[in-house]
Amino acid sequence: MTDDKMINILERIAIALEKIADKETVVNSIYDSSNGQVPEQPETTKEIENEQVIQVNDINPIFRFLSDRNIQVKTFQTDEEIDDVLDNIALFMGNRYNKIKKVYNSIKSKLNSGMGFRLDLKNATQEEVSDSCQLCNSLHQIAFLSDYKYFKSPQFLISAKPNRIPTAINFFTGQWLERFIKTEVKNTILKLERPIQFAYLTNPQIILPNGDDFELDVLFYIEDEIFWFEAKTGEYQNYVVKYSKMAKLMQLDSKHSFMVLTEVNEPNCVALKKVFGMEVVNIESFSEKFQNAISNLNEDKNAL
């Protein structure tokens, strides 16, 4: 995506950003598992992604799946006007993570203090410089960076300052990876040769059968099957055990439960999968791994 195209997209959300800068919008809803009633949903959205596929985000099957396992949904996140813009930025970050990793980590390191930073790119590749500048420019356009400037040769220096508004903080601390997963899964489904019905639920706050609270990142319903995705941009060691237990509670095997990490190599992913029974992938290989999973699903359906 070119700079001009990204900027044109970003300009559409100036008003929406002002509306949500100080709060996260969620829809309060409780799924009553005792009588099987599905909660009232926000207005269904339809998106024509290509000539063959019309997506209707009917999340009722996801609620039924959770209810069958005695899991209640308290709240879940709904789409906002700004979502298409942030989804595109997240997709850019996920597809170029190794190139933008330095500037992203620099931004993240200054979120608590709100102070600016200077990133030396003298030893960076041309792609790293280009992608890092494009990301910063996009974030500056939507005020996620309050200051940004790139000093060309001979400095090769990025000077920037993160904006500590709640929406920006949530995005930088991990929401971007959830958005990347959601958008990449949707795009993968829409590229399949035959139309496939799907729906998704993001950030549902749930009550487990034992009464404990829990939050899931992304759930997808894809042709009668449920896929669960958890995203971690930093330390993951304290989360894998509880995610593994959650996968067992939801009765999801490694073909249907994914933990997507940014800071882990492939050998460690393989080891974690063997120990915890979930598909553990680094961000670079996520698209390929999910494409394989959905291709197998497609082949199984065609064989029936």
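The chat below goes through one predicted model, its sheet, its helices and a pair of strands.

Student: What should I keep in mind about the numbering and the model?
Tutor: Residues are numbered from 1 along each chain as its sequence is written, and because this is a predicted model, local features need pLDDT of at least 70 and side-chain atom pairs count only at pLDDT 80 or more, while totals for chains, interfaces and linings use all residues. Side-chain values use heavy atoms, with hydrogens and water left out.

Student: How many helices and strands does the chain have?
Tutor: The chain has ten helices and 13 strands, where helices (H or I, at least four residues) and strands (E, at least two) are DSSP runs numbered from the N terminus.

Student: And what share of the residues is buried?
Tutor: Of the 304 residues, 50% count as buried, meaning under 20% relative accessible area with a 1.4 Å probe and protein chains only.

Student: What is the strand order in the open sheet of three strands?
Tutor: The order is β5-β7-β6 with antiparallel pairing, and two strands pair if DSSP finds at least two bridges between them. The edge strands, each pairing on one side only, are β5 (117–120) and β6 (145–151).

Student: How many bridges are there between β5 and β7?
Tutor: Four bridges pair β5 with β7 (residues 157–162) in the antiparallel sense, and Leu119 stands opposite Ile158 in β7.

Student: Which strands does helix α5 touch?
Tutor: Helix α5 (residues 97–109) packs on the sheet and touches β5, β6 and β7, contact meaning heavy atoms within 4.5 Å. Helix α6 (residues 126–141) also packs on the sheet, touching β6 and β7.

Student: How do α4 and α6 cross?
Tutor: The axes of α4 (residues 83–95) and α6 come within 11 Å and cross at roughly 160°; axes are lines fitted to C-alpha atoms, for helices over the stretch in contact, and angles run from 0 to 180 degrees between N-to-C directions. That makes α4 roughly antiparallel to α6, a label for angles over 145 degrees. Ile89, Phe92 and Met93 of α4 make the contact with Asp131, Gln134, Leu135, Ser138 and Leu139 of α6.

Student: Changing topic, which way do the residues of β13 point?
Tutor: In β13 (residues 279–282), Glu279 and Val281 point one way, Val280 and Asn282 point the other way, and all are buried. In a regular strand the side chains alternate between the two faces of the sheet.

Student: What joins β12 to β13?
Tutor: Four bridges join β12 (residues 257–261) to β13, and these strands run parallel; the bridge partner of Met259 in β13 is Val280.

Note on methods. Parallel < 35°, antiparallel > 145°, perpendicular 65-115°, else oblique.
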